[in-house]
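This report describes how two protein chains meet. Please keep the sequence and the structure in view while reading.

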Amino acid sequence: MQLTRRNVLGLSVGAAAFTLAGGRIGPANAATDATQKAIMDFTGGTAPGEGKVTLTAPEIAENGNTVPVSVSVDSAMAGDDLVESIIVFADGNPNPAVATFHFTEMSGAALATTRIRLAKTQDVIAVAKMKDGSVFMDTKQVKVTIGGCGG
Amino acid sequence: MASKPRIKVPKSASAGEVITIKTLISHEMESGQRKDKDGNPIPRQIINKFTCSFEGQTVFECDLDPAISSNPYFEFNAKVAQSGTFKFTWVDDDGSVYEAEAPIEVN
């Protein structure tokens, strides 16, 4: 290949794109891997399905130190149609685990609200495990203007 | 570390009704991620477990991680069939246990 002006230009654009992609994908993947592993630990290897779970969180949180988060699952909470537990992750926190809620028939409804810390703008993930072994999840992105978790 | 918990439970309900319970306890929930003025990490100290039971039966439980905000707040539901007392328990990292109770009349 002759080194023409056009070839050189193409090469450098390609290299720049590669560097950009590498820089962006690297750290994001690391966090997701940790969360991914934690989800699998929780479900016992079952990949979560869509639906049933509703995660409610503000689109924009002005203060990451206290972000109201609510999870609910569409369930009769009786007999076999029972939610056993819901686990919540914050994908971009130093430690993605947030909380695990455990329900019983006495709960009456699979609904829990609490306040959490978010270090930065990130995805919040809720995974629910039903009594029959099925697993469902919901994800919501929360934009954080002031981070929690010290820093 | 923690001060007296605050509980909101309806005074009465009809049998089989699903009621809403709100709880809050004052606690710093030191995440272990922060540093003091000299740059030394402040050790983690959080409440790691919250339980609500009704007459000996578990209603709702939560395992807490440092990402729960200070002064942990919980809102959840309970289905009551007869009158009785709700018992709430918070367990601190240092082993302390904070407890609270709230009665409900079912008619």
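Buried area is the accessible area (1.4 Å probe) that two parts lose on being put together, summed over both. For chain A and chain B, this area is about 2,300 Å², and carbon and sulfur atoms give 50% of it. On the side of chain A, the greatest losses to chain B fall on Met106(A), Arg115(A) and Arg117(A), together 31% of what that side buries.

The model is predicted: local features need pLDDT of at least 70 and side-chain atom pairs count only at pLDDT 80 or more, whereas totals for chains, interfaces and linings use all residues. Residues are numbered from 1 along each chain as its sequence is written, chains are lettered from A and ligands numbered from 1 in the order in which they are written, and side-chain values use heavy atoms, with hydrogens and water left out.

The table lists counts for the interface.

| Item | Value |
|---|---|
| Residues of chain A in contact (heavy atoms within 4.5 Å) | 27 residues |
| Residues of chain B in contact | 29 residues |
| Residue pairs in polar contact, both at pLDDT 80 or more | 19 residue pairs |

A polar contact is a pair of N or O atoms within 3.5 Å; within protein, one must be able to donate a hydrogen and the other to accept it, and residues adjacent in sequence count only if both atoms are side-chain atoms.

Strands are DSSP runs (E, at least two residues) numbered from the N terminus. Strand S6 (97–103) and strand S7 (111–116) of chain A each supply at least two residues of the side that touches chain B. S6(A) gives the most to that side, with seven residues.

Conventions:
Helix = DSSP H or I, 4+ residues; strand = E, 2+ residues; numbered from the N terminus.
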